[in-house]
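Hello,

Here is the structure we spoke about, with notes on what turned up in it. Please look it over when you have time.

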Amino acid sequence: MVFDGILLAILIGFLRKGSLKGFAYLSFRAGWIFPLLLLIEIGIFVYQSSYAWIGKYSGVLFMLIYIVGMAFLWLNRKMNIGIPILLLGVLLNFIVMALNGGRMPVSLEAAAILDPAYASAIQNGLYGKHAVLTDSTLLGFLGDVIPITDPYPKDQVISFGDIVMNIGIFIFIQRVMVKNRHPEGSSSATKTLST
């Protein structure tokens, strides 16, 4: 849902007469971290079924990715109010995953809106980042328990943390895209973005 949130935020930014020009002024601290984490996560997802050790330790690897990702967001928390909100959402997802073996608990009842093959894959351990929510799940209400269906164009099951993350992403993008938030329109914005 994060990618959907990014696209929606950009669309609304354009409707508000904003532009992508503001992104050219962004200067993230340790900016190389995010693309590296994304590549590692994709690698785990692709190869966890091919290499037993990746599948065995994927939960730990995902937790390390979350920790480093949260450190990256913390380093850049002063850039834009959307980042601390995004960090809170990531933290909520991290907490429930850390308490449940590095897996995001998924409600099979909520997942009933999805292709049955998805629920089957989770039950068989084919989605290394997810696990079935059961009575023994800790803080299960923070797991993927919220079904999103019609009129939304794509059926999904999301967590409360996902919602908070998308709010943070939306605010971040709006502040970057809308012209009066661009660095050239405000000296204080220039100072904020350069720190």
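Which are the buried residues of helix 2? In this predicted model, they are Ile 33, Leu 37 and Ile 44. Looking down the axis of helix 2, these buried residues fall within an arc of 30°, so they line one face of the helix. In general, an α-helix has 3.6 residues a turn, so residues three or four places apart point the same way. Helix 3 (52-75) is included in what covers the buried residues of helix 2.

The length of helix 2 was also checked. Helix 2 has 15 residues (33-47) and, at 1.5 Å a residue, should span 21 Å; the end C-alpha atoms are 21 Å apart, which agrees.

Next, the cores. The largest nonpolar core has 29 residues, and those touching the most other members are Tyr 66, Leu 73, Leu 86, Val 90, Met 97, Phe 172 and Ile 173. At least two residues of this core come from each of helix 2, helix 3, helix 4 (82-98) and helix 6 (160-177). Helix 3 gives the most, with 8 residues. Leu 86 touches Leu 73, Met 165, Gly 168 and Ile 169, leaving aside residues up to four places away in sequence. There is a second, separate core of 7 residues, among them Val 106, Ala 110, Ala 111 and Ile 122.

Last, a loop residue. Thr 137 sits in the loop between strand 2 (130-132) and strand 3 (146-148). With a relative accessible area of 16%, Thr 137 is buried, the cut-off being under 20%. A polar atom of the Thr 137 side chain lies 2.8 Å from the backbone nitrogen of Thr 134. Not counting residues up to four places away in sequence, Thr 137 touches Asn 100, Pro 105 and Val 132.

Regards

Terms used. Residues numbered from 1 in each chain as written. Predicted model: local features only at pLDDT ≥ 70, side-chain atom pairs only at ≥ 80, totals over all residues. Heavy atoms only, no water. Helix = DSSP H or I, 4+ residues; strand = E, 2+ residues; numbered from the N terminus. Expected span 1.5 Å × (residues − 1). Buried < 20%, exposed > 50% of the residue type's maximum accessible area, 1.4 Å probe, protein only. Arc of directions from axis to C-beta. Contact = heavy atoms within 4.5 Å. Polar contact = N/O pair within 3.5 Å; in protein donor to acceptor, adjacent residues only side chain to side chain. Core = buried A, V, L, I, M, F, W, Y, C linked by side-chain atoms within 4.5 Å.
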